[in-house]
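Please keep the sequence and the model at hand while reading.

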Amino acid sequence: MEKSKRNKRYNAYVESVTPKTGTWHSLWNALWVGGLTCMIAQGIGDIYYALFPHLGKDLIVNFTSMTIIALAILFTGFGFFDVIARKGGAGSFLPITGFANAMASASMEFKTEGLIMGTSVKMFTVVGPVIVNGIVWSAVAGMINVLITGGI
Amino acid sequence: MSFKTLHRGENCSFSPRQTTIAGKIPYTQRQTIIFDNPPHIIGRMSVVGTKEGKGPIGRYFHRVLDDDKMGEKTFENAEIKMLTSAIDGAVYNSGLRPSEIDLIISGDLLNQVTTSNYVARNYHVPYLGVYSACSTMTEALDLASTFISAGKFKNVLCSTASHFATAERTYRYPLEYGCQRPPYAQWTVTGAACTVLSANGNGPRITMGTVGKVVDFGTTDLNNMGAAMAPAAMDSMLALFKETGAEPCDFDLIITGDLGKLGSDILRDLMTEQGYYLGQRYIDCGNMMYDVSQNCYQGGSGAACSATIFNSFVLDKIFDGTYNRVAYFATGALMSTQSCYQGETIPCISHAVVIER
């Protein structure tokens with residue numbers, strides 16, 4: 001009893017002296033890094049559209065995403081994606097670039113344990129939760145959709 | 001806090017040989033060992049990575065690497081090479097032959113103390129692998145001093161290593177993964193350090209050692225190591241001060257391992273609350289390892305953090321006579337990633353040694 005009281009008091013004290021992340025500062029950084037990423041992606045998409053107008057909008061969108069993923073992986077390999085991410089926070093990991101970086105960094109990191117036991121096994125250590133939750137919650141959303149609309 | 005508590009023990013006359021308090025309390029409650037035959041520090045070596053070499057005390061280190069991978073294929077191998085370099089350098093510095101070393105006590109941060117085990121493979125010397133997170137160095141020094149003081153071994157080698165890249169993999173995320181650290185996080189030091197203790201010699205002596213207790217104040221944040229470890233440092237400091245009757249002003253320097261800026265501020269507060277004013281004579285190795293511009297948040301951490309600074313800067317100053325009596329408290333957080341994800345709090349420990357010229 002005495003101990004939990006002491007711990008509570010100590011943790012309240014620690015909370016009061018621990019420096020906080022500046023919310024507005026982080027929001028601003030996330031906004032401009034994320035916004036810039038999306039603007040560059042839009043620019044690449046526009047260039048593709050100007051060069052190959054016969055491909056159609058859907059295909060252009062796919063090609064643009066692939067280009068951005070490739071760029072993110074390339075940046076990870078050269079070792080400056082984490083520098084951008086430290087600044088941008090959610091602005092860098094929420095777009096598709098974050099997913100690419102998480103997979104690429106894990107596969108690079110565990111390359112030393114070999115292609116099977118290292119890269120293949122550990123590739124999804126960071127992005128695993130994203131995939132699992134993506135599948136589970138989209139399934140749940142599909143069920144709700146069926147229940148409400150009758151599957152139309 | 002009154003003015004009186006701030007100036008407690010201003011007139012100090014303290015010598016460990018005359019202390020009687022430690023002898024009076026029951027043996028089972030005693031944490032502090034006063035060594036009958038204090039071992040001498042006869043050799044030392046510190047090796048650090050590039051980033052540490054650019055820090056405020058970079059010029060004191062014996063060897064600064066220009067490549068954190070040391071030309072090896074993996075960072076684990078680099079850590080092994082780094083520790084080997086530190087051990088070889090310390091043995092050379094001590095003037096002993098490698099065959100004259102009786103025992104190696106070594107530890108590091110990796111699972112199963114891998115680095116130390118693989119390093120010990122290359123020396124045909126009895127070996128003890130120890131793990132006490134970032135307080136490994138003082139645990140090794142305590143053990144070695146006990147062995148030497150009891151006359152069981154003559155020349156004992158204490159060493160430790162940590163590497164930013166391998167520690168990140170063991171405790172956090174892949175290196176290139178873009179994640180944001182909170183402003184109270186710390187940076188694992190890349191480095192290795194080794195001290196050679198001997199029953200004979202003229203170097204500074206280790207006169208006392210305090211074996212820490214595991215202390216847990218209910219902190220759960222894996223990033224806020226300083227706040228988790230500060231109570232452990234306080235516990236060992238109080239044990240040393242109370243059992244020997246010493247005051248902070250009896251020491252020329254009191255150093256803690258890797259509390260960082262936040263943790264060392266918390267420790268100052270905690271000690272003031274207990275009636276001990278640490279003041280200017282207290283420094284924290286994590287706090288002084290990096291420059292503010294190096295973006296390391298609260299400072300350095302890791303087993304090598306305090307070990308490298310102790311073996312370079314602090315011992316330099318003891319050898320040249322700037323400091324005569326130094327208390328060295330290294331602090332360690334004894335959690336694993338599993339225990340933290342399972343919602344457990346972080347238990348911490350702090351071992352201490354007192355070095356006298």
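What percentage of the contacts in chain B with a separation of 6 or more is accounted for by residues 24 or more positions apart? In this predicted model, such pairs account for 80% of those contacts.

**Overall build of chain B**

Chain B contains twelve helices and 14 strands. Its radius of gyration is 19 Å, close to the 21 Å that the globule rule gives for 357 residues, so chain B is as compact as a globular protein of that length. The C-alpha trace of chain B spans about 55 × 45 × 35 Å along its principal axes, and 55% of the 357 residues of the chain count as buried.

In soluble globular proteins, nonpolar side chains tend to be buried together. Here the largest nonpolar core has 111 residues, and those with the most contacts inside it are Ala86(B), Cys158(B) and Tyr328(B). Helix α8 (residues 225-244) of chain B gives this core its largest share, twelve residues, while domain 1 (40-198) and domain 2 (204-356) of chain B each contribute at least three residues. Apart from this core lies another, of 15 residues, which includes Ala85(A), Ala106(A), Met108(A) and Phe110(A).

**Two residues and their surroundings**

Gly257(B) is found in the loop between β10 (253-256) and α9 (260-273) of chain B. Is Gly257(B) buried or exposed? It counts as buried, because it has 34 C-beta neighbours inside 10 Å, and 20 or more are required for that class. Gly257(B) and Ala233(B), 24 residues apart in sequence, are 9.0 Å apart in space from C-alpha to C-alpha.

**The contact between chains A and B**

The contact between the chains takes 27 residues from chain A and 23 residues from chain B. On the side of chain A that touches chain B, α1 (2-17), α4 (81-88), α5 (90-93) and α6 (96-109) of chain A each supply at least two residues, and α6(A) gives the most, with seven residues. The residues of that side of chain A divide into twelve nonpolar, twelve polar and three charged.

Terms used:
Residues are numbered from 1 along each chain as its sequence is written. Chains are lettered from A and ligands numbered from 1 in the order in which they are written. This is a predicted model: local features need pLDDT of at least 70, side-chain atom pairs count only at pLDDT 80 or more; totals for chains, interfaces and linings use all residues. Helices (H or I, at least four residues) and strands (E, at least two) are DSSP runs, numbered from the N terminus. The radius of gyration is taken over C-alpha atoms; the globule rule is 2.2 Å times the number of residues to the power 0.38. A residue is buried if 20 or more other C-beta atoms lie within 10 Å of its own, exposed if 12 or fewer, and partly exposed in between; C-beta atoms are placed from the backbone. Two residues are in contact if their C-beta atoms, placed from the backbone, lie within 7 Å. Ala, Val, Leu, Ile, Met, Phe, Trp, Tyr, Cys and Pro count as nonpolar, Asp, Glu, Lys and Arg as charged, and the others, Gly among them, as polar. A nonpolar core is a set of buried Ala, Val, Leu, Ile, Met, Phe, Trp, Tyr and Cys residues joined through C-beta atoms within 7 Å. Domain bounds come from an automatic or database domain assignment.
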